Amino acid sequence: MNSQKVQLNLDSNKTLTIETGRMAREASGSVTIQIGDTMLLAVATGASQPREGINFFPLLVDFEEKLYAVGKIPGSFFRREGRPSEQAILNARKIDRPIRPLFPEGYLNDVQIVVTPLSVDQETSPDILGIIGASAALSISDLPFEGPIGAARVGKINGELVVNPTMSQMRESQLDIVIAGTKDKILMIEAGAGEIPESEILSAIKAAHEFIKKVVTLQEELVSIAGIKKKKVLPVYPNEEMDKIICGKYEAEIEKALLLPEKKDYMVELALIKDKIKEEKDDKFKQLLEENPKDVEKIIEGIEYDFMREMILNENKRLDGRGLKEIRKITCETGVIPRAHGSALFTRGQTQILTIATLGASGDAQMIEGLDLEDTNKRYMHHYNFPSFSVGEVRPSRGPGRREIGHGNLAERALVPVVPSEEDFPYAIRLVSEALGSNGSTSMASTCGSTLALMDAGVKITSPVAGISVGLITKGDKWVTITDIQGLEDHLGDMDFKVTGTRKGVTAIQVDIKIKGLTYNIIEAALSQAKEGREYILDKMAEAIPSPREELSPYAPRVIAFKINPEKIGAVIGPGGKNIKGIIEETGAQVDIEDDGTVCITTNDPEAAKKAKQMVDDITFEPKEGDVFKSKVVRLMAFGAFVELPGGKDGLVHISQLANKRVAKVEEVVNIGDEVVVKVFEIDREGRINLTMKGVTDEDKKKIR
């Protein structure tokens, strides 16, 4: 197969190049995609037949971070990449979400997309190229993908929206929004923002869409060159006769169960209905059931789907009786865990989140090894757990999956803009959100719980943050947005539009959809509705705790942060860490030193903190003229006495400076081991410290260091 290539000239004097036929030729579709020196391989492979027992579309996306892409050898014991990093999982989710809706309903064959960054130049982010590359690989394959799609990032730099800024520009950006879509509609939005107004968010989406249209046209050109025919997928319907029998006998019962106020009551009632269906006596129905056992679930879900959606579209009423914009009952509690540094219980309807805040030393920050040239420290962390009991199920705990990592990251991004800087609050901060009950939008409840827990811990966040999800129900050209979606509205609805923010503006967005795209009108309505809901929730949260507590928990460590001359870091550490280990052993305090000379001393004992700081000060001390010390004589010479000063330095009291009279012999005034009060009167060009004992006044003695 010959190599085929298409190119798009970009405004930054760079070129977007997509090439196929050169690498990974055995796959269903593969491309390399490149801007500058950032180059990725995107490969799509599909199974020829569905697996036995599959009743969902099994799409798997892997973003394979390889550290050779940035010229690094992995730091693990095995010196090879292990399980995917959190960032790799988040990038995979960005690729998955806009692609999944563009496969036809009923397609159950396994599809795998593997995106591997081969080279990363630190200016072009690989995540955007990963989305475009995956789309291109699918588009030139025979898989029934209804793309292509494009993607773009928009930043806000120096007050201006910039499409596809460089990675260095993004370090100064107030906005990081990633958009994916087709030529006509938006498929995915993922954003972190510094309290940006909704109007600017919409402007950023529109700016990104203009670039997306060009990228889609480029892929269409590649598809035309490749000339691959797509597989046809026939729709799969449940058995008509079986559908008629179940709907005729049980539709009313299922609809009645859907109106029960508690989710668990509905689940119990639904299980009883399923048992009745399985126990049907009619021989013909028994035969149909034996031949089509999976169709029962499909038929019941179809009844649920139609009933819920018709109620919303035609009656402006929801299953639990709420109006379209009505939010479920909210309760907020703080200080619910006795010895936690901060804790909160946030309940919205049947969704309940317990969030615990823990404060630690700066050395507790998480070390991140990834595709940046330098490893980074992450001092603010949010972890989200979704145990099986939160949905009334039984399953083993296997650690956080992709969903948990994605939800945790969303809640984390939501709070980043309001967390105080390390200079103002020199702590590592960890939040853990435990989903105790789940009936819709636990990630947004986690955002609210995080705000409450941080304020309970006494963290001086600049503004409270709340989150809310907006859903969508469509039928033809008719559509309705609904606030605070519950589980069935998420499962059977068309959109989960999650927005977090303060009263000033948006801090994070994540949008998942099941339809072929969103119009600007739907996006604008969702943003407006989310703002209204967010402000309502902020009012409820303020009733529980209006502002951060003045004092930290007595169980939280105290941190003293100060700066030393970076050239003195080696002296504080000492040979083989001797000095810093000595400080830690003697005081029991934790001592962390940053490359810029910031020293953080962490302990619950104020006296230990004071002593540790004094020991660091002594090591790094630089005397200056006029300083006064009470020091010990350590050496005598014919011309004077040497006195020990802080930091292990010695200063000389010349024989002429020992007393206000002529001294014939040093021993007439001082001996080794004597404690004397001395004053620095000169530091010569060679850095030698000359001291005096003459003329040290009572006022000077008050300044003894």
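How many residues lie between strand 25 and strand 26 in the hairpin that they form? Two residues stand between these strands. The structure is a predicted model, in which local features need pLDDT of at least 70 and side-chain atom pairs count only at pLDDT 80 or more, while totals for chains, interfaces and linings use all residues. Residues are numbered from 1 along each chain as its sequence is written, and side-chain values use heavy atoms, without hydrogens and water.

Strands (DSSP runs of E, at least two residues) and helices (runs of H or I, at least four residues) are numbered from the N terminus. Strand 25 (residues 628-637) is joined to strand 26 (residues 640-645) by four bridges in the antiparallel sense; two strands pair if DSSP finds at least two bridges between them. Within this pairing, valine 633 is opposite valine 643. Strand 25 also pairs with strand 28 (residues 675-683), antiparallel and over five bridges. Serine 631 has valine 676 as its bridge partner, and lysine 632 has glutamate 675. These strands belong to a closed barrel of five strands, in the order 25-26-27-29-28, with mixed pairing.

The largest nonpolar core contains 122 residues. Such a core is a set of buried Ala, Val, Leu, Ile, Met, Phe, Trp, Tyr and Cys residues joined through side-chain atoms within 4.5 Å, where buried means under 20% relative accessible area (1.4 Å probe, protein chains only). Helix 4 (residues 198-226) supplies the largest share, 11 residues. Domain 1 (4-226) and domain 3 (330-544) both contribute residues, so the core lies between them; the domain bounds come from an automatic or database domain assignment.

Definitions and conventions:
Buried means under 20% relative accessible area, exposed over 50%, partly exposed in between (1.4 Å probe, protein chains only).
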